[in-house]
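Subject: Structure handover

Hello,

Here is the structure for you to pick up. My notes on it follow below.

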Amino acid sequence: MGQAKRRDRRVAGGEPGDEDLQCWIEEDAIDADGDTVTYSFAWLVDGSAYSGAVTSLWSGDTVPAADALSGDEWKCVVTPSDGTATGTAAQALALFCEPT
């Protein structure tokens, strides 16, 4: 089982809450047996689990704009699976800073 690739992103300027926060797959995981790979998404906000994610492309890949507040640190953890084995998770980070 391959792994999802990591992408870090810092979001600064603009107003938090203007746009949804979406986590995406930059490079698909590859399964050695050729099985179909699915992905699970988990979100953390300031180190605590967040359960209000919605679906844009993959189930649970998006945090609605209204929940992304100034000063929040969001982490998206994506884990690939072929239904039998689970691959290595990847993480992406977004920091919402006060506009200057």
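T84 sits in the loop between β5 and β6. Strands here (E, at least two residues) and helices (H or I, at least four) are DSSP runs, numbered from the N terminus. T84 is exposed, at 76% relative accessibility. The cut-offs are under 20% relative accessible area for buried and over 50% for exposed, with partly exposed in between (1.4 Å probe, protein chains only). T84 is 49 residues from D35 in sequence, and the two are 9.4 Å apart in space, C-alpha to C-alpha.

Please note that this is a predicted model: local features need pLDDT of at least 70, side-chain atom pairs count only at pLDDT 80 or more, and totals for chains, interfaces and linings use all residues. Residues are numbered from 1 along each chain as its sequence is written, and side-chain values use heavy atoms, with hydrogens and water left out.

Confidence

pLDDT is the predictor's confidence in each residue, from 0 to 100. The protein chain averages 77. At least 70 is reached by 77% of the residues. Among the elements, β3 has the highest mean pLDDT, at 96. Strand β6 (residues 90-95) has the lowest, at 77. Over residues 1-14, pLDDT stays under 50. The model still has 53 contacts beyond four places in sequence for that stretch. A contact means heavy atoms within 4.5 Å.

Overall layout

The protein chain has six strands and zero helices. Along the sequence the pattern reads β-β-β-β-β-β. Of its 100 residues, 34% count as buried. Take the contacts with a separation of 6 or more: residues 24 or more positions apart account for 62% of them. The accessible surface comes to about 6,000 Å², by the Shrake-Rupley method with a 1.4 Å probe; for residues, only the protein chains shown count as cover. Carbon and sulfur atoms hold 47% of that surface.

Core

In soluble globular proteins, nonpolar side chains tend to be buried together. A nonpolar core is a set of buried Ala, Val, Leu, Ile, Met, Phe, Trp, Tyr and Cys residues joined through side-chain atoms within 4.5 Å. The largest one here has 16 residues. Y39, F41, W43, W74 and V78 have the most contacts inside it. The elements that give two or more residues to this core are β2 and β5. β2 gives the most, with four residues.

Aromatic pairs

Rings of Phe, Tyr and Trp (its six-membered ring) pair if their centres lie within 6.5 Å; planes under 30 degrees apart count as stacked, over 60 as edge-to-face and the rest as tilted. By this rule there are three aromatic pairs. Y39 and W58 form an edge-to-face pair, 4.9 Å centre to centre with 80° between the planes. Y39 lies in β2 (residues 38-45) and W58 in the loop between β3 (48-50) and β4 (62-63), so the pair ties together parts 19 residues apart in sequence. Y39 is buried, at 10% relative accessible area. W58 is partly exposed, at 26%.

W43 and W74 also pair edge-to-face, at 6.0 Å centre to centre and 80° between the planes. This pair links distant parts of the chain: W43 is in β2 and W74 in β5 (residues 73-81), 31 residues apart. W43 is buried at 6% relative accessibility. W74 is buried too, at 1%. W43, Y50 and W74 form one aromatic cluster.

Disulfide

A disulfide is taken as a pair of cysteine sulfur atoms within 2.5 Å. Searching the whole structure finds one. C23 and C76 form it, with their sulfur atoms 2.3 Å apart. The link is left-handed, with -95° about the S-S bond. C23 lies in the loop between β1 (21-22) and β2, and C76 in β5, so distant parts of the chain, 53 residues apart, are linked. Both ends are buried: C23 has a relative accessible area of 7%, and C76 is at 2%.

Backbone

Which residue other than glycine has a positive phi near 50°? That is D46. Most residues other than glycine have a negative phi. D46 is found in the loop between β2 and β3. D46 counts as partly exposed, at 48% relative accessibility.

Best regards
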